[in-house]
Amino acid sequence: MSILGNKVLRLEDPKLLSVGGEYVADLKREAMLYVSYVTSTVAHAKILEIDVTEAREISGVVAVYTADDVELAPMASMFRDKPAMNRPFLAKDRVRFVGEPVAMVVATSYEVAADAKEAIFIDYEPLPVVVDPEQAFSDEVVIYDEVGSNKVTTFGEITDDSFFDGSDVIVTLKLRNQRLAPAPLEVRAAMAYVDQDGRLVFYASTQTPHAVKAELSRSLSLDATQVHVITPDVGGGFGAKATQYPEEILLGWAALKLEKPVAWVETRSENMLGLGHGRAQVQTLTLGAKSDGTIVAYRADVIQDSGAYPNVGAFLPMLTKTMAPGIYKIPKVEFRSTSVVTNTTPIVSYRGAGRPEATEAIERALDVLARRLNLDPVEVRKVNLIPADEFPYNTPTGATYDVGDYLGAVEKLMERSDYESLRREQAERILHNATKRLGIGVSTYVEITNPFPSSEFGGVELTEGGGLLIRSGTSPHGQGHRTAWSMVASEIFGIPLEKIEVITGDTDVVPHGVGTFGSRSLQLGGAAVHEASVAALSMAKEVAAEMLEASPSDIVVSEDGSGLAVAGVPASKVSYAQIYEKASELGRKVAFETDFKAANSTFPFGAHLAVVEVDIETGKVKLLRFVAVDDAGKIVAPLLAEGQVHGGIAQGVAQALFEEFSYDPDGNPQTGNLADYTFISAAELPSFEVVHQETPTYLNPLGAKGIGESGTIGSTPAVHNAVLDALAPLGVEHIDMPLTPMRIWRAIVDSQG
Amino acid sequence: MYPSKFDYVRALSVDDALEKIASDEEAKFIAGGHSLVPLMKFRLATPSLLVDIGGLHDLSYIKDEGDHLAIGALTRHTEVEHSQLLQAELPMLSYVASLVGDPQVRHRGTIGGSVAHGDGASDLPAALLALDASMIAVGPSGRREIPAKEFFKGFLETALSPDELLVEIKVPKGVSSWSYKKFNRRAQDWAIVGVAAVKNGSTKVAFVNMGSSPLRSTGCEDALRSGATIEEAAERAAEGIEPPSDLNASSEFRVHLAKVLTRRALEELS
Ligand SMILES: Cc1cc2nc3c(=O)[nH]c(=O)nc-3n(C[C@H](O)[C@H](O)[C@H](O)COP(=O)(O)OP(=O)(O)OC[C@H]3O[C@@H](n4cnc5c(N)ncnc54)[C@H](O)[C@@H]3O)c2cc1C
């Protein structure tokens, strides 16, 4: 019986739940120094003077550095045509957002560093501030004089209104997909020192250790062999730790300069401003359709807020574009996006990264269309679904959806949620003019995982005593790769999970790797482990064949999984420990390394339904039910997959109802701590009703797609649609997220004139 | 966040606490620390000396004193929440305590700290205001009793002087019905608006987070006294009150919430 598909408990948990993980903040070295950054308190200003004299004199302060002390070229950016927008390690003449590092303090404790920061005086000359991306688009206030415009990059084009010719009805809507803070439990942290051989050892809380190594070696002009990056346990990243930050890289610089171990663990308040934010799009959407709901043409015109220094966020509309049509067969799709800089924290990838924005757009547009045509929102979706026999399906936005059974997902959703009786209860409440109205919201999604088809490293090796050592280029930060990769290898060898060790995140041990983001790990890293296991097993079979005097093709895994045997002759068997010894005698290794590359991205999909209760007097929303049908191909580790779905739904619901990182017009953050940035807790959520569907992909030997982001992508529009569904009888047509009590109350008051 | 440097001493008795607090002008009592420590971490409070009263177990009690209940200042929220005596004699206070923050906060925070902190956004002070409670303080000039109506002065400002220790809270019995409505977005959040309504002879209504300190709704109470209906009284709930605006609620929305919640609370009284 296969171990894959079984609810195996996480191998990571006994340690995490008992003695605890080992995070960067837990690392101590003798004579270690502590780093803290003075950050800008204004959103946009010239720096006239930085006075650090008093701070330098404080006992316990080892060094204070400003931009003048750091002779490093700015960080590299993916927007090579705009070098002026490259981010400096410390702000030099200008600051461009609140939270931007201006000076680095090195001290004997974080407390001393905090005192020193209070003794550093920065003279700012305020400049006009631009926070709103639409205002930034107008270029009235430009934040890079050298560039002369706030526009970083544009994807796609839109034509004129003849694009919608043939439509019986055209609906337009404007959506703000608000800015979110990723807020992982573990804040950003790093620790660096120079070892006896003069190499830079760098501990990082990251999703991409090899990229950290590359950036350290590039920025600090070190040969790659001189950098050793280690990633201990990481407490979450949600995509935002797949970016390298100046505060991290500069720590390596300080370690080299001071020749002492240096550590940096930011505070939560610093994390809220310093770690990149996510989402932040303004979308203008137009949908043309026939009167039966068949979509004729769809246009999305997007402004992407990139924050002050363009990072991966400025690029993400590319994925919004790819996923714009969703699971629908839309003959014509137009998409245009313009990424602009603003005086805010830079936008990076955050769970879903460009795809939730696409799904929210089309799913809201479809609900508006359904209401205009007086059709049930589910029916409008059904008429437009891509039929199951048309895969692989090429979309007008350049994607090739691998496999899908969209109607299957929608039908399962209807059945499980008992949609008809929900609608009856809703009608009942309207009839009785109840204060607490019912709202039912549906959304479907398809998303792109492993979005930039790449490869991932996997190595599998038989070890002394008959265990396995797996090395992987992925970089887990909560996902449970140790469990999943062990299962994948155990499936091939039969070796029990306890005898399998998994190493990730150490660049000396794992020769190369890409990391964990974009729901890529299982389909690439897991597939690499699978392929390496298959290859290593056949090497083991050759050794066993010699030992058992049989042909390798007759060798099979023994029934109890303890070794290899001759097929049909169970007594003729050698253990893996014996095979290891024999191989060593022969000077061989039973080991295989590979880089698995998929031919294309995979496209998981699903359908979600939310039932909400809206108190129309106070505007408070209660989520009563959440039903999710998710199809991510073959499910290798159901417990891990379910964990991803649950966490994803929670974060998606949070975007709909609770979270927004906001600024006042002067660029001051208004939600810079967890008292004001209202992220969701279990108390606000019902038990999720999760329904499985498996449509395996042909793009990797496991048949698996990614599932890390699905929950986040499908749930936001389901909840958004549900709340507006409840309010529709009151004449409310639109409310931007998050749907706070005040906004709902306002909308009701306004709609009633 | 790292607080500035401070000294720390433990009080061994009430007298010892008073002596130690008098030794340093910048000294502050610390009880559960759940209001003070956050302020210190943001360096909004920078006491040079903390006098820890957390060990004064003599001040942790809930007693039946005939016509009133006496609650020691060091009684933790969780004890107020689970006290059988309170659940029988004054269930409102147990209920209100159960809505404070999360279990961790309720296991550290004390009723005395909540009252002495005097935060208009706190739950217990408004409830005590509606209950016509009074506070017992001891200081260099002896012991005094301060009615709740005179206790809460303004933003984080109370009738206590810096060298006075709050030791007890007295709550009159005789509550025939009550209601507490806490309106917030997430379970563990502070109230955006809260309404405490108490019927003890007359009807008293107090608000959480409608001003810089806990407030009584004189508009509503006057209306009820003169025989108004619940709807009419609720409509006058925010009379003379100008609540603050923040991200969660504009002043206007707070007024609206106060009216709706007051109506719902009064409907529950009957
Ligand atoms: C995450 C979080 C959520 C919270 N949510 C809520 C909520 O929903 N509702 C709510 O009402 N509260 C909430 N609180 C506040 C909590 O109730 C505090 O415990 C309470 O306000 C203060 O009690 P304390 O014992 O911790 O006081 P401390 O923090 O120790 O002291 C507060 C102030 O009172 C003074 N003081 C304390 N005891 C005495 C005394 N006996 N005599 C004189 N002065 C004294 C101190 O000097 C200090 O100035 C929350 C707190 C946190 C951290």
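Mentor: In chain A, α14(A) lies across β22, β23 and β24, and its direction makes about 55° with that of β23(A). This is a predicted model, in which local features need pLDDT of at least 70 and side-chain atom pairs count only at pLDDT 80 or more, while totals for chains, interfaces and linings use all residues; side-chain values use heavy atoms, leaving out hydrogens and water. Residues are numbered from 1 along each chain as its sequence is written, and chains are lettered from A and ligands numbered from 1 in the order in which they are written. As scores for the model, ipTM is 0.96 and pTM is 0.97.

Helices (H or I, at least four residues) and strands (E, at least two) are DSSP runs numbered from the N terminus, and contact means heavy atoms within 4.5 Å. Angles run from 0 to 180 degrees between N-to-C directions, using axes that are lines fitted to C-alpha atoms, for helices over the stretch in contact.

The three strands form an open sheet in the order β22-β23-β24 (chain A), with antiparallel pairing, where two strands count as paired if DSSP finds at least two bridges between them. At its edges are β22 (555–557) and β24 (569–575) of chain A, each of which pairs on one side only. Neighbouring strands here are turned by 40° against each other on average, direction ignored. Between β22(A) and β23 (residues 563–566) of chain A, which run antiparallel, there are three bridges, and A:Val556 has A:Ala565 in β23(A) as its bridge partner. Helix α15 (residues 576–585) of chain A also lies across β22, β23 and β24 of chain A, running at about 55° to β24(A).

Turn now to the other sheet. It is open and has four strands in the order β21-β20-β19-β25 (chain A), with mixed pairing. Its edges are β21 (500–504) and β25 (591–597) of chain A, each with a single partner strand, so one side of each has no neighbour in the sheet. Its neighbouring strands are turned by 15° against each other on average, again with direction ignored. Five bridges join β20 (residues 467–472) of chain A to β21(A) in the parallel sense, and A:Ser472 has A:Thr504 in β21(A) as its bridge partner. Helix α14 (residues 521–548) of chain A packs on this sheet as well, touching β19 (455–463), β20 and β25 of chain A, and its direction makes about 145° with that of β25(A).
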